[in-house]
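Hello,

Please find the structure below. Notes on what was found in it follow.

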Amino acid sequence: MLSWYSVPCMATAPNGDDMFDQFLSERGHETEPVGWDTDYNKKQCPDCGGLHDQAASDCTVCGWAPR
């Protein structure tokens, strides 16, 4: 018995990061880039909650940096 299966072809393959983001978002995970939170006139680290001046580029408490 001979069976024939047709596999649809895509014009362009999706980017690996796009596929990973889609996989995570379908399961309820956040896939948007994370930046600093603000607390009054300070930057607040989203990982540890450490407060920093507006000029800070990374967290001096835990080492987090925005991408």
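Which residues form a negative surface patch? Asp 17, Asp 18, Asp 21, Glu 30 and Glu 32 do. Patches are made of residues with over 30% relative accessible area and no salt bridge, like charges being joined within 9 Å. A salt bridge is a side-chain nitrogen of Lys or Arg within 4 Å of a carboxyl oxygen of Asp or Glu. Asp and Glu count as negative, and the place of a charge is taken as CG of Asp or CD of Glu.

This is a predicted model, in which local features need pLDDT of at least 70 and side-chain atom pairs count only at pLDDT 80 or more, while totals for chains, interfaces and linings use all residues. Residues are numbered from 1 along each chain as its sequence is written, and side-chain values use heavy atoms, without hydrogens and water.

Helices (H or I, at least four residues) and strands (E, at least two) are DSSP runs.

Asp 18 sits in helix α1 (residues 16-26). Asp 18 counts as partly exposed because its relative accessibility is 47%; the term covers values between buried (under 20%) and exposed (over 50%), with a 1.4 Å probe and protein chains only.

Gly 50 is in the loop between β2 (42-44) and β3 (51-52) and is buried, at 12% relative accessible area. Leaving out residues up to four places away in sequence, Gly 50 touches Lys 43, Gln 44, Cys 45 and Val 61 (contact means heavy atoms within 4.5 Å).

Regards

Methods. Patches are made of residues with over 30% relative accessible area and no salt bridge: like charges are joined within 9 Å, nonpolar side chains (Val, Leu, Ile, Met, Phe, Trp, Tyr) within 5 Å. Accessible areas come from the Shrake-Rupley method with a 1.4 Å probe; for residues, only the protein chains shown count as cover.
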